[in-house]
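Here is a short report on a single protein chain.

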Amino acid sequence: MNRQQLIEQIKEKRTFLCVGLDPDIKKIPQCIIDDCKAELEDGDEYDDSLAIMAFNQAIIDATAPYCVAYKPNLAFYESLGSMGVAAYEETVAYLRENYPNHFIIADAKRGDIGNTSAMYARSFFEGDTQVDALTVAPYMGEDSVKPFLGYDGKWVILLALTSNKGSYDFQLTEDKDGERLFEKVLKTSQQWGTKDNMMYVVGATQGRMFEDIRKLVPHHFLLVPGVGAQGGSLEEVCKYGMNKDCGLLVNSSRGIIFASNGEDFAEVAGQKACELRDQMDEELTKAGL
């Protein structure tokens, strides 16, 4: 999906919500696990990946009208081994088949020396389970990022200023001229990609720091985690981070997908997504979009 298509989806659906598909098996409703076990044929063994896939499908179906993007976090799939990876691939395939206009972000935070990054890029941007975007760590510099930028219609989402407390350990440190590390990342990386193939991760809890970020990257999209369970303010993110094209994909994971652990989990997830969509519609209207 290219930039203009993403902007059109945001304006048409009146939302810039990204739903994080982080299916922690310890939090998945017991009813899902029970149903998966009940459906097994004689001789088949239960595997947690079955519950993950059933959970994801229900969440996707319930939230699709209210979001423009999904972000499966690879850690929650890879932790279950090959069957978990298969569940991730099935999730991407399910989205491609049933919701082809939704933007898919693989949250894998890859980044390594050039030839290794090229293989990572191939695994996410080629083949049957290719996604639209991949989160990438910029710490190793240009040659670790550029292999991901060689695919038309695909996006790199660089970590810039994250929402975790450890962001202060490195990202906010200053050099002798007072430039913070995240600012150096923003400035330098613009020599590698453009607003058409590069976004940045900026945590919702950073508040007015969005003003400083927009001075450096006024036109790029920002992927914003941290709204909801982590305490980030959607209104504040929009006030300081929204641009003339919206320029935001605001992610919510736990606050939507685990809003209920009962049999109504999908219905409640849809309600939470709808509430965020309505708030986002208001913010888009206030911005004249």
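## Salt bridges

E179 and K187 join their side chains in a salt bridge, at 2.7 Å from N to O. A salt bridge here is a side-chain nitrogen of Lys or Arg within 4 Å of a carboxyl oxygen of Asp or Glu. The model is a predicted one: local features need pLDDT of at least 70, side-chain atom pairs count only at pLDDT 80 or more, and totals for chains, interfaces and linings use all residues. Residues are numbered from 1 along each chain as its sequence is written, and side-chain values use heavy atoms, with hydrogens and water left out.

E179 is buried, at 18% relative accessible area. K187 is partly exposed, at 42%. Buried means under 20% relative accessible area, exposed means over 50%, and partly exposed lies in between (1.4 Å probe, protein chains only). K176 and D177 form another bridge, 3.5 Å from N to O. Both K176 and D177 are exposed. By this rule the count is 17 salt bridges.

D212 and K215 make a salt bridge of 3.9 Å, N to O. Why do D212 and K215 sit about one helical turn apart? They are three residues apart in helix α10 (residues 209-216). Helices (H or I, at least four residues) and strands (E, at least two) are DSSP runs, numbered from the N terminus. An α-helix has 3.6 residues a turn, so residues three or four places apart point the same way.

D212 is partly exposed, with 24% relative accessible area. K215 is exposed, at 66%. Salt bridges link R180, E183, D212 and K215 into a network.

## The nonpolar core

Which residues touch the most other members of the largest nonpolar core? They are F16, F103 and L248, in a core of 93 residues. Such a core is a set of buried Ala, Val, Leu, Ile, Met, Phe, Trp, Tyr and Cys residues joined through side-chain atoms within 4.5 Å. In soluble globular proteins, nonpolar side chains tend to be buried together.

Leaving out residues up to four places away in sequence, the contacts of F16 include V68, L234, C238, C246, L248 and M280. Contact means heavy atoms within 4.5 Å. S252 belongs to strand β8 (residues 248-252). S252 is buried, at 4% relative accessible area.

Helix α2 (residues 30-38) has C31, I32, I33 and C36 as its buried residues. Their cover includes α3 (48-63) and α13.

## Cysteines and C246

The disulfide count is zero. A disulfide is a pair of cysteine sulfur atoms within 2.5 Å. C246 is in no disulfide, and its nearest cysteine sulfur, that of C238, is 6.9 Å away. The sulfur of C274 is too far for a bond, because the closest cysteine sulfur, in C67, is 12 Å away.

C246 lies in the loop between α11 (234-241) and β8. C246 is buried, at 1% relative accessible area. Its phi is positive, near 85 degrees, and C246 is not a glycine. Most residues other than glycine have a negative phi. G288 lies 42 residues from C246 in sequence and 9.8 Å away in space, C-alpha to C-alpha. G288 is in the segment after α13 (265-286). G288 is exposed, with 64% relative accessible area.

K109 is in strand β3 (residues 103-110). Its relative accessibility is 43%, so K109 counts as partly exposed.

K146 is in the loop between α7 and β5 (155-161). K146 is partly exposed, at 39%. Between the C-alpha atoms of K146 and D35 there are 45 Å, with the two residues 111 apart along the chain.
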